[in-house]
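Trainee: I am new to this structure and would like to learn how to read it. Where should we begin?

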Amino acid sequence: MTNHEVPPLLGQIAHAVSGAIDRARPELAGAAPVVRRSEHADFQSNAALALAKRARTAPRGLAAELIAHLGDSAIGAAELSGPGFLNLTVPDEAIWRQVSSRLNDARLGVGVPNAGQRTVIDYSGPNIAKEMHVGHLRTTIIGDSLARVLEFLGAEVVRQNHLGDWGTQFGMLIQYLGEHPELTWHHGEVTGRSTSAVSVLDAVYKAARRQFDADPDFADRSRARVVALQSGDAATLAMWREIVAESEKAFRDIYDRLDVLITPEDSVGESFYNHLLDGTVTELVDAGIAVESEGALVIFSEEVTGPDGEPVPLMVRKRDGGYGYDTTDLAAVRYRTGELNAERLLYVTDSRQALHFRLIFEAARRAGWLTDDVPAEHVAFGTVRGPDGRPFKTREGGTVRLMALLDDAVTRARAVVAEKDPDLDPAELTRIAEVAGVGAVKYADLSTSRVKDYLLDVDRMVSFTGNTGVYLQYAHTRIRSILRKAGNAEVSVDPRVRLEPAERALTLGLDDYGTTLAEVSDTLEPHHLCAYLYALARDFTTFYETCPVLTADEPVRRNRLALCRLTARTLEHGLGLLGITAPERM
RNA sequence: GCGCCUGUAGCUCAGUGGAUAGAGCAGGAGCCUUCUAAGCUCUUGGUCGGGGGUUCGAAUCCCUCCAGGCGCGCCA
């Protein structure tokens, strides 16, 4: 196994066309070669069309010049077509060698363009003592996939789970629990998969809220409890810590089941920043960025105005002297760049917070915590809606618990799997149903562009036909089946074998993997990876239908086995970067 | 009022200024003595919200209008 990058053919071709441009028209040196995959050949270059005007010549003539200057390159054949397209074909041998090199590389020949880039990703961020619901699904799944992709591309990823673990609501919760010692809410005391300490706490919180609104004496005691918490009263803090710990156990169950990589060590909640808030505010005041207004301390935006035409403020310190989330987020930027040495900051939250982060980033730049070479990006995503187009809710109008959604998906997956293969032993059935059900939920979420509202339809997700996570898993198991039957032997490639059309499409697709991952890194859109893997699985299926593997004569058989192995590895790896398991059989 | 986002087939969605706008689902017709039929083949279906403009070329870039969603100081 090697461990170095295998440059994609597309890049090699682009380089060759660039060279031709430089030689044919030195005054155009450096112009983009505009090379793409093509329906009419392996690749096409549209450079002549784009450059004809600058070169003061007809596109077809310029295209012909480029062909003449291609010289000795990776290109096998270049053909002039239409108004000035260059149709470029790569020799079969060169394509087979790509397969061979990738197969022999531990990283499938993918490079590390993000090498060493310290990237802080803020995602998931559930609230302590509250159930995780479908609203947390997107941030958790998208953030986790991005973390995996960036990490694979060499970035030093720092996950930050910005837990909602601080605030006045804990006063009433702690007070209520203290007044009701008969309540059982600890992890060990609560049984059943769909109940947990946090679901009990969620209910307790609602009860506390009701009493808070109805009983002025309790409200007073709760306010006193908030003061006790903030001033560090030992007993109150102990209770708070217990609540946080119990909640984190429940989150852990969800994260385990979702198979996401975030760990307790990544939990850096709002409370963590408490000791940094005073310093943060002082710095902002000293720099003249934060100013007093109506008794509060605010930062007025220099870019955005509100309904009254006045600059929109960030609330740095409330009139009552307290700090809100604006201050916490400012402190977090300062900490992440100053202490964690972040070179890239990502925030995976819903799109409604777009203005908030715009203001935070603007203020952080003015304060010098963010500089031009440290990009801070709000990785926004749309609202989760139900099949009726309205925000996803239960029939009663409540939020849908994430664990209940997963239970539902897995239960339905189990029914489908049992129907497809009635002889499956129960343990295997359970395993496959889990992987298929959870995979379906994740794939459905990751496979559309983030920013649009996301329509969550469990029926559609677990129908398991067409463009779903299961299609990819199924393609992978079919390949594994072939490889098992072939004895899982080491494979080698004979580059002299002629490529069938289906093999050609598959190999050119396999060559695009690293390019696709780089695109995900640039756009922070995991759906590009989904689309890539789906196309790859389709290309494999066409190959599977038209090119027999096990019954083929040598050396065709060996080459096809190599293609199977590389496709299986690419699918498995790509699914892995989406956080989806690729089982051996299903 | 201002700002951000969205508008592509009946439905859900792709679509880096390039050749005939693509998938899946749904509808119609077929394919299992042959590597897993969770699959495959064929087929029906489009004024790319409307109108201008830039360009040899626009779903894509610019302007404008329409429709929907979200946001705009003491909740996160």
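**Reading the RNA surface and the fold**

Mentor: Of the atoms of RNA strand B within 4 Å of the protein, 58% belong to sugar or phosphate, and the rest belong to bases. Keep in mind that this is a predicted model.

Trainee: Which residues come nearest to RNA strand B?

Mentor: There are 61 residues around RNA strand B, and those that come nearest are Lys-53, Glu-270, Tyr-325, Tyr-474 and Ser-481. By type, the residues of this surface divide into 26 nonpolar, 19 polar and 16 charged.

Trainee: Which element gives the most to the surface near RNA strand B?

Mentor: Helix 16 does, with eight residues. Other elements that each supply at least two residues include helix 2 (47-55), strand 4 (85-89) and helix 13 (402-420).

Trainee: What polar atoms of the protein lie by the backbone of the RNA?

Mentor: Take three cases. A polar side-chain atom of Lys-318 lies 3.3 Å from a phosphate oxygen of RNA strand B. Gly-466 uses a polar backbone atom instead, 3.2 Å from a phosphate oxygen. For Arg-460, an N or O atom of the side chain is 2.8 Å from a sugar or linking oxygen.

Trainee: How do strand 8 and strand 9 pair, in the parallel or the antiparallel sense?

Mentor: Strand 8 (residues 296-305) and strand 9 (residues 311-317) are antiparallel, paired over five bridges. Leu-297 stands opposite Arg-317 of strand 9. The two strands form a hairpin with five residues between them, and in the turn Gly-309 has a positive phi of about 80°. Strand 8 and strand 9 each also supply at least two residues of the surface near RNA strand B.

Trainee: Is Thr-280 buried or exposed?

Mentor: A residue counts as buried when its relative accessible area is under 20%. Thr-280 has 0% relative accessibility, so Thr-280 is buried. Thr-280 sits in helix 10 (residues 274-286), and its side chain reaches the backbone oxygen of Leu-276 at 2.7 Å. Beyond its neighbours within four places in sequence, Thr-280 is in contact with Leu-330, Ala-331, Arg-334 and Trp-369.

Trainee: How can the length of helix 19 be checked?

Mentor: Compare the expected span with the distance between the end C-alpha atoms. Helix 19 has 20 residues, so at 1.5 Å a residue it should span 28 Å; the end C-alpha atoms are 29 Å apart, which agrees.

Trainee: What do the buried residues of helix 19 pack against?

Mentor: Among the buried residues are His-527, Leu-533, Phe-540 and Phe-543. The buried residues of helix 19 pack against several helices, including helix 5 (134-152), helix 14 (426-446), helix 16 and helix 20 (556-578).

Key. Residues numbered from 1 in each chain as written. Chains lettered and ligands numbered in written order. Predicted model: local features only at pLDDT ≥ 70, side-chain atom pairs only at ≥ 80, totals over all residues. Heavy atoms only, no water. Pairing = 2+ DSSP bridges. Helix = DSSP H or I, 4+ residues; strand = E, 2+ residues; numbered from the N terminus. Near = heavy atom within 4 Å. Polar contact = N/O pair within 3.5 Å; in protein donor to acceptor, adjacent residues only side chain to side chain. Nonpolar A, V, L, I, M, F, W, Y, C, P; charged D, E, K, R; others polar. Buried < 20%, exposed > 50% of the residue type's maximum accessible area, 1.4 Å probe, protein only. Contact = heavy atoms within 4.5 Å. Expected span 1.5 Å × (residues − 1).
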